[in-house]
Amino acid sequence: MTDAAKLSLGSKQLDYPVMSGTIGPDVIDIRKLYAQTDAFTYDPGFTSTASCQSTLTYIDGDQGVLLHRGYPIGELAEQSSFMEVSYLLLNGELPSKQELENFSTTITRHTMVHEQLATFFRGFRRDAHPMAILCGVVGALSAFYHDSTDIHDPAQRVIASHRLIAKMPTIAAMAYKYSVGQPFLYPDNSLSYTGNFLRMTFGVPAEPYIVNPVIEKALDRIFILHADHEQNASTSTVRLAGSSGANPFACIAAGIACLWGPAHGGANEAALNMLREIGTPDRIPEYIARAKDKNDPFRLMGFGHRVYKNYDPRATVMQKTVREVFAELKVTDPLFDVALQLEEIALNDPYFVEKKLFPNVDFYSGVILSAIGFPTSMFTVLFALARTVGWVAQWNEMITDPDQKIGRPRQLYTGPTQRSYVPVTER
Ligand code: SDX
């Protein structure tokens with residue numbers, strides 16, 4: 001670690017402290033830069049900017065490493081559960097058996113939503129995109145749960161966190177049921193977090209719903225893969241909204257809105273739509289050529305990542321899970337073959353190799369979710385369901401960080417210099 005970064009600007013020679021984390025890149029502390037130089041840094045997209053200190057998740061994009069509180073995503077995906085990973089993200093350590101039981105019971109006891117919220121759904125058209133519904137309904141939660149919106153009260157922060165994690169599956173299932181014209185199902189507290197979601201989504205009041213344990217495990221693992229991911233766009237949105245003191249429900253609604261974008265969490269829906277558009281392996285070269293064409297805005301959805309310049313470790317687990325789900329359901333899907341061949345061709349194409357474009361977490365998730373029975377429009381809803389625990393954990397970390405203040409970036413102004421108003425009669 002070097003002890004200072006030296007900046008020479010005009011006649012000024014300035015030193016800025018260099019801070020080191022436990023692992024990963026050092027940071028140059030430039031908090032005094034503007035006061036000392038009257039200049040800003042310029043970093044659109046924040047490709048070289050650390051917005052905060054965090055202990056939650058570490059990513060090494062070159063090595064394809066993803067750690068949650070130090071535990072590798074591959075080990076968590078194979079050996080843990082979404083409830084246990086949720087506890088880990090919120091509390092920093094893996095729970096004892098009793099701690100996990102208590103946490104799961106607490107979350108289970110918050111899965112019901114205010115009965116009036118069901119009426120809230122009636123305002124949407126039946127063909128509303130489930131992400132539009134999720135944005136609206138989660139934002140409205142602050143109108144139903146006033147007793148957990150005081151962000152300075154640690155007890156209220158805990159209750160709001162548990163309510164958001166617990167109610168997201170219920171609201172997500174309700175969004176699906178509303179879109180298909182079926183009645184909402186209440187949570188069943190005898191089921192696991194993920195089993196409860198499967199039943200609320202695919203069950204009907206007319207008959208019992210038996211949770212398939214292989215599907216339950218596969219979906220629980222998919223939730224683990226999506227739980228948190230450092231300072232990605234939607235997490236940064238939640239932190240920025242929270243920095244103004246907005247209530248947690250409004251902050252998570254902001255994160256959902258950001259996640260919806262096809263460059264971010266909306267990529268899983270876009271990736272499956274792309275595979276459907278390609279249709280058959282013989283059309284892959286045409287789309288590879290389009291992805292490489294600077295004049296064509298088409299990009300391979302599910303490929304590339306701001307941080308991973310090696311393989312996204314979540315995509316590895318996701319591809320393995322596809323094979324498990326297909327074997328269990330005794331299904332095949334020609335789109336999976338298209339996905340495998342597209343990956344193979346892209347990974348051997350100089351353009352993708354040079355630009356370090358590999359499949360990301362969104363590339364395979366659509367194939368699995370489609371096989372389980374989710375419509376494409378629900379894919380990003382499931383991403384938001386799982387990412388809620390990451391957003392909530394990051395929001396709590398931000399609120400309690402003594403370094404944090406309201407986020408307020410500056411700009412490089414390139415507009416007109418001052419000029420006088422001209423009355424319309426003289427223009
Ligand atoms: C998620 O940040 C996170 O952690 C996000 C996430 C999480 O868990 O929160 O991991 C989830 O959002 C995964 C990413 C899902 N998005 C997609 O799959 C959409 C397709 N991918 C891209 O749009 C793109 O790769 C991004 C947005 C993911 C990353 O873009 P960057 O880092 O800003 O890089 P870039 O857009 O500047 O691209 C660098 C170059 C460009 O070419 P040049 O201008 O240098 O010539 O690579 C090219 C791009 O044109 N490129 C692609 C490409 N992605 C980048 N070319 C073809 N197909 C692609 N998918």
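Six bridges join E1 to strand E2 (residues 12–19), and the two run antiparallel. This is a predicted model, in which local features need pLDDT of at least 70 and side-chain atom pairs count only at pLDDT 80 or more, while totals for chains, interfaces and linings use all residues. Residues are numbered from 1 along each chain as its sequence is written, and side-chain values use heavy atoms, with hydrogens and water left out. Helices (H or I, at least four residues) and strands (E, at least two) are DSSP runs numbered from the N terminus, and two strands pair if DSSP finds at least two bridges between them.

**The sheet of E1, E2 and E3**

- Ser8 has Gln13 in E2 as its bridge partner.
- The order E1-E2-E3 describes an open sheet of three strands with antiparallel pairing.
- Strand E1 (4–9) and strand E3 (27–28) each have a single partner strand and stand at the edges, so one side of each is left without a neighbour in the sheet.

- Strand E4 (residues 57–60) pairs with strand E5 (residues 65–68) in the antiparallel sense, over four bridges.
- Thr57 has His68 in E5 as its bridge partner.
- Four residues lie between the strands in the hairpin of E4 and E5, where Gly64 takes a positive phi near 65°.
- E5 also pairs with strand E6 (residues 71–72), in the antiparallel sense over two bridges, and Leu67 stands opposite Pro72 in E6.
- The hairpin of E5 and E6 has two residues between the strands, and Arg69 in its turn has a positive phi of about 50°.

**Arg69**

- Arg69 has 22% relative accessibility and therefore counts as partly exposed (buried means under 20% relative accessible area, exposed over 50%, partly exposed in between, with a 1.4 Å probe and protein chains only).
- Leaving aside residues up to four places away in sequence, Arg69 touches Thr55, Leu56, Leu88, Leu89, Leu90, Asn91 and Gly92 (contact means heavy atoms within 4.5 Å).
- Arg69 and Leu88 are 19 residues apart along the chain, and their C-alpha atoms are separated by 7.2 Å.

**Helix H12**

- Helix H12 (residues 267–278) has 12 residues and reaches 16 Å from its first C-alpha to its last, close to the 16 Å expected (1.5 Å times one less than its number of residues).
- Nine of the 12 residues of H12 are buried, so H12 is largely enclosed by the rest of the structure.
- Among the elements that cover the buried residues of H12 are helix H13 (284–292), H15, H17 and H18.
- Gly279 follows H12 and has a positive phi, near 80°.

**Helix H14**

- Helix H14 (residues 313–329) has 17 residues and reaches 25 Å from its first C-alpha to its last, close to the 24 Å expected.
- The buried residues of H14 include Pro313, Val317, Met318 and Phe326.
- Cover for the buried residues of H14 includes E5, helix H2 (73–79), helix H9 (213–225) and helix H15 (334–347).

- The axes of H9 and H17 come within 12 Å and cross at roughly 155° (axes are lines fitted to C-alpha atoms, for helices over the stretch in contact, and angles run from 0 to 180 degrees between N-to-C directions).
- That angle makes H9 roughly antiparallel to H17 (under 35 degrees counts as roughly parallel, over 145 as roughly antiparallel, 65 to 115 as roughly perpendicular and the rest as oblique).
- Ile215, Leu219, Ile222 and Leu225 of H9 make the contact with Val361, Ile368, Leu369 and Ile372 of H17.
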